[in-house]
Each structure stands twice: as C-alpha cells, then as structure tokens.
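Reader: I'm new to this one. Please take me through the ligand and its surroundings, slowly and in plain words.

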Amino acid sequence: MRSFSGRDILSLKDFEREEFFRIFEIADELAPIARDRQNTDLLKDKTLVTAFYQPSTRTRLAHEAAMLRLGGAVTGFADAKMTRAGDFYQESIKDTVKMLEYYGDVLVMRHFQQGAPHEAAKWASIPVINAGDGWGEHPTQVLTDLYTILKEKGTLDGLTFLCVGDFRMRTMHSMAYAISQFDIKMIAVHPEDMSIQPEMMEDLQRYNLKWEEAGDVRDVIDQADVIYMEPVVQPDYTKSRQEATGDKGLTPPQFQVTRELLADKAKGDSIILHSLPRQDELPSDVDITRHSRYWEEAFNGVVMRMALLALILGATE
Ligand code: CP
C-alpha cells in the first residue's frame with residue numbers, strides 16, 4: 001500500500017481498496033477524541049491552509065475543526081473576492097499557491113474550475129486536498145459517506161446503492177470511482193440531462209463497475225441498502241457563486257425520497273445519506289425516520305478529515 005505521508009488527495013480514481021480501509025482504521029482510532037469533544041496535540045506544530053473559491057459550510061469547517069481537534073492551527077480564505085485571485089488582478093492558481101505553500105503545511109482547496117486543485121498540486125511543495133472542483137470530484141465527502149456506511153452497515157461489500165440526483169455532480173463521480181473497489185451495485189436515477197459524462201462512464205467500465213440505470217426512484221427503492229442523494233435543483237458548479245433568484249423549481253417525484261415512499265417500499269434497514277445542502281428532494285420529515293444518517297455524517301466528516309490530516313502530515317503511518 002502506498003504511504004499517505006505527503007500525498008495529495010485529488011481524486012478517488014485509482015484509490016486502492018486497502019487504502020480506504022487504512023483511512024477508516026485511523027478514523028476509528030481518532031473518533032473518541034471528537035466524540036469526547038477534546039483536542040489533542042498530534043499535529044501541534046502543523047498549520048492547515050484553506051483556499052475556498054466557492055461557498056461551503058461543511059467541507060471547509062470540517063477540515064478546520066479536524067485540524068483544531070488535532071492541536072494544529074488554521075488559516076486561509078473562504079471567499080476569493082477578498083484575495084487578489086478574486087479582484088482586478090485575477091491572480092493565477094500558480095501565483096496564489098506559490099504564496100500559500102509558505103503559510104502552512106497542507107492546503108485544502110475548493111474551486112469552480114475542474115482540475116484547479118490538480119493545478120495547485122503541480123506548483124505546491126505541500127500536500128493538496130481537493131475539497132470539490134467544479135463538476136469534477138469531491139473525494140473527502142465520499143470518504144466520509146463510505147465510512148458512515150461502513151459504521152452503520154458493518155460492511156461495504158454486498159450492498160446495493162441507489163444513487164439519486166444530478167450525476168454531473170462531483171460527489172457522484174467520486175462515489176462511482178470509490179465503489180468500483182467494493183462488491184457494490186449502483187443503481188443510478190437521474191434526469192436525462194444530468195447524466196454522468198460519457199468519457200467518465202467509459203473510464204469507469206475499466207474498473208468493472210456494477211452499474212444499472214433506472215428512471216424513477218419509486219421503481220427501485222425496494223432494492224436499496226443505501227440511498228445516496230443529491231439535489232436535481234442545483235446551482236451551476238462551474239461558477240464561483242450563484243445567487244437564488246426567482247423560482248428555483250421543484251424536484252419531480254421520480255427523484256424525491258419521501259417519508260411515505262420509505263414507509264411503503266424501502267427495506268426496513270435501508271439508510272439515507274445526503275452530502276447536503278438539500279432542496280425538496282429530501283423533505284425534512286424524513287429526518288426523524290430510522291433511515292436518516294446524514295447527521296451522523298456530519299460527525300464522521302470531522303473524524304474522516306482528522307484521519308486524512310494525520311496520515312498526510314505523517315503523524316501516523
Ligand atoms: N457536502 C458539501 O460539500 O457541503 P458544503 O458545500 O457545505 O461544503
């Protein structure tokens with residue numbers, strides 16, 4: 001297995017099965033620190049730099065919370081408009097990163113351009129973590145998702161994932177690459193104009209991905225062990241920011257998971273994950289059902305980033 005020390009986390013493509021389990025193992029070791037709401041000094045001499053060119057609630061703050069739990073420091077920006085990259089100068093990723101690498105020991109970047117963190121990694125002498133790049137990938141979110149599923153189900157192999165939503169979405173891409181390493185069947189349900197890019201689908205076939213398509217969540221929900229959701233009412237992820245203007249539209253019922261549908265058709269022990277934020281595809285009255293696990297994901301999101309930071313910064317092998 002490759003060492004994580006000093007490694008960039010840009011994609012889950014070519015992530016090996018043992019590497020997933022190594023991260024999950026470290027997450028298990030570190031989880032009690034977060035559960036007890038304590039901080040340690042494992043990374044006391046290290047600093048995390050965040051460079052967020054797109055809005056975020058969970059990903060940036062979970063990385064920061066993880067670093068603080070491990071005794072490290074954090075610095076960075078949450079809005080590129082307040083930097084020279086977002087004003088008159090439109091400073092390039094190269095020029096920005098050639099500065100940021102001296103401000104800390106690991107860089108977490110979210111960007112509206114697909115491949116921007118990869119470009120940053122080319123120039124940075126410190127490890128770069130992709131926190132979401134355009135429609136590209138969102139590796140740390142999907143590591144959190146899989147860790148949550150493993151904790152809840154006790155296994156990843158042998159499960160059927162029903163993935164519902166916009167398949168142009170970066171989480172769906174990372175999820176597809178990740179599940180190729182497990183005996184997982186994916187059933188994909190998405191609007192016609194929100195399918196996965198054909199070239200990515202072709203690439204995924206190299207990994208013997210078990211993939212089926214369906215048109216309506218109501219026809220297939222009875223097969224699902226895991227229901228993984230994304231909105232279909234989405235902003236354009238290639239933009240730095242998109243304000244809500246006027247009527248955003250409603251989610252058609254074939255892409256919605258409601259409390260009634262779960263009661264009528266879902267397996268009793270199926271679980272629902274959502275990377276959030278949500279729209280009306282997942283009504284809030286689902287939250288109190290036995291199926292919801294997205295709040296557990298919030299906790300696991302911190303633990304997962306603790307594990308990644310500890311591994312990448314060499315605090316553990
Ligand atoms: N799931 C996720 O990426 O959330 P944020 O956009 O709030 O970071």
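Author: Domain bounds here come from an automatic or database domain assignment. On that basis, the chain splits into domain 1 (17–137 + 299–312) and domain 2 (139–297). Their contact (heavy atoms within 4.5 Å) takes 33 residues from domain 1 and 37 residues from domain 2.

A quick word on the basis: this is a predicted model, where local features need pLDDT of at least 70 and side-chain atom pairs pLDDT 80 or more, while totals for chains, interfaces and linings use all residues. Residues are numbered from 1 along each chain as its sequence is written, and side-chain values use heavy atoms, leaving out hydrogens and water.

Now the ligand. Around it, with a heavy atom within 4 Å, are Ser56, Thr57, Arg58, Thr59, Arg110, His138, Gln141, Ser275 and Leu276. Domain 1 and domain 2 each give at least three residues to this shell. By class, you get one nonpolar, six polar and two charged residues; Asp, Glu, Lys and Arg count as charged, Ala, Val, Leu, Ile, Met, Phe, Trp, Tyr, Cys and Pro as nonpolar, and the others, Gly among them, as polar.

Next, some polar contacts (N or O pairs within 3.5 Å). At Ser275, a polar backbone atom is 2.8 Å from a ligand nitrogen. The protein covers 91% of the 250 Å² of accessible area (Shrake-Rupley, 1.4 Å probe) that the ligand has on its own.

Methods:
Polar contact = N/O pair within 3.5 Å; in protein donor to acceptor, adjacent residues only side chain to side chain.
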